[in-house]
Amino acid sequence: MKSLNNDKKQRLEKMDEFFDSRLDIYDEHQKTAIAGAQEFYAATAALLPRHKGSRVLDLGCGTGLELEEYFALNPTASVTCIDLAEGMLKRLMEKFQGRDIEIMVGSYFDMTYGENSYDAAVSVESLHHYTKEQKTGLYKKIYSSLKDGGCFVLTDYTAPNIIFERFRFKKLARLKRAQGIAQDELMHFDTPLTIKHEIAALLGGGFKNITVAGRWKNTTILKAVK
C-alpha cells in the first residue's frame, strides 16, 4: 500500500511538456547536476568529424549543449537537430544564429533520415527512456543514415547492473497503471540500460565496431562505427 501511495504522488509528465516547462533551468541543470557533464559534453564533441561541411544528425538535441562544444571545433558543420520539445529547439536556434542548422520537431522514432546521408550521428542524455527493442529499431535507422565509415556517438545514462535496469522498467509500468496512463504512452521517466544491453542494441542495429569511449559515474560514451 505504501508503494502504491508513493506511485500516486510521483506524477509522470509527457516528455515534451517536461522539458519545455524546465527550459529556463535546463542548461544549468545539465551542466551542474550530472556528474562529469563538464567533461563528457566536450569529450562527445571531440569524437565527431571535423572536416569542412561535416553533416551530423543530433537526436534529442535539447538546447544543443553538445553543439556549444562541437561548433567550437568545427564551425562549418551542418547539423540536423531533432527534439520533441519546441521550446528547446527555439532556444537552440537563438544560441546558434548563423550556424548551418536544420531543426525537426517530433520523435526521432517516427522520422526518416535518408540513406548514407550523414558523416556522424550523436545523442546526449536523451535515449535512456526506452527499451532495448525500441533502441534496436532506431539504431537500424541511424546505421542506414550514416555514410560508410561514419559513426554514432551515444553519450547517455547507463544502469549500473541488470537489477537496477529491471527495477526502473517495473516501476515505470507500475506508475502508469496507478495513474491511468497507457503503457505505450511516452512519459518522462529514466529507464537506462546496462552498457551490455546498450551495446547489444547497437549490434542489433547493424554496428560492428563499438567501443566505450569514456565513463563518468552514471554516464557512458559509446562510439559505434559503420
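Visitor: What does Tyr143 count as by relative accessibility?
Guide: Partly exposed, at 24%. Buried means under 20% relative accessible area, exposed over 50%, and partly exposed in between, with a 1.4 Å probe and protein chains only.

Visitor: What should I know about the model and the numbering?
Guide: The model is predicted: local features need pLDDT of at least 70, side-chain atom pairs count only at pLDDT 80 or more, and totals for chains, interfaces and linings use all residues. Residues are numbered from 1 along each chain as its sequence is written, and side-chain values use heavy atoms, with hydrogens and water left out.

Visitor: How many aromatic pairs turn up in the whole structure?
Guide: 12. Rings of Phe, Tyr and Trp (its six-membered ring) pair if their centres lie within 6.5 Å; planes under 30 degrees apart count as stacked, over 60 as edge-to-face, the rest as tilted.

Visitor: Which aromatic pair does Tyr143 form with Phe207, by geometry?
Guide: An edge-to-face one. The centres are 5.1 Å apart and the planes make 85°.

Visitor: Where do the two partners sit in the chain?
Guide: Tyr143 is in helix H7, and Phe207 is in the loop between H9 and strand S6 (209-216). They are 64 residues apart. Helices (H or I, at least four residues) and strands (E, at least two) are DSSP runs, numbered from the N terminus.

Visitor: Phe207: buried or exposed?
Guide: Buried, at 0% relative accessibility.

Visitor: What charged end sits over the ring of Tyr143?
Guide: That of Lys226, 5.0 Å from the ring centre. The test is NZ of Lys or CZ of Arg within 6 Å of the ring centre and within 35 degrees of the ring normal. Arg22 also lies over a ring face, that of Phe18, at 3.8 Å from the centre.

Visitor: New topic. What is the strand order in the sheet?
Guide: S3-S2-S1-S4-S5-S7-S6, an open sheet of 7 strands with mixed pairing. Strands pair if DSSP finds at least two bridges between them. S3 (100-105) and S6 are the edge strands, each pairing on one side only.

Visitor: How many residues of S5 are buried?
Guide: 9 of 12, so strand S5 (residues 146-157) is mostly covered.

Visitor: In what sense does S5 pair with S4 and S7?
Guide: Parallel with S4 (residues 118-124), over 6 bridges. The chain goes from S4 through H7 (residues 132-145) to S5, a right-handed β-α-β crossover. Right-handed here: with the strands pointing away from the viewer, the path from the first strand over the helix to the second runs clockwise. With S7 (residues 219-225), S5 pairs in the antiparallel sense over 7 bridges.

Visitor: Which residues stand opposite each other there?
Guide: Tyr118 faces Leu146 in S5. Thr155 stands opposite Ile221 in S7, and the bridge partner of Cys151 is Val225.

Visitor: Which strands does H7 touch?
Guide: S1, S4 and S5, packing on the sheet. Its direction makes about 140° with that of S5. Contact means heavy atoms within 4.5 Å. Axes are lines fitted to C-alpha atoms, for helices over the stretch in contact, and angles run from 0 to 180 degrees between N-to-C directions.

Visitor: Last one. Where is Leu193 found?
Guide: In the loop between H8 (162-178) and H9 (195-204). Leu193 is buried, at 1% relative accessible area. Leaving aside neighbours within four places in sequence, its contacts include Tyr130, Lys135, Phe169 and Glu198.
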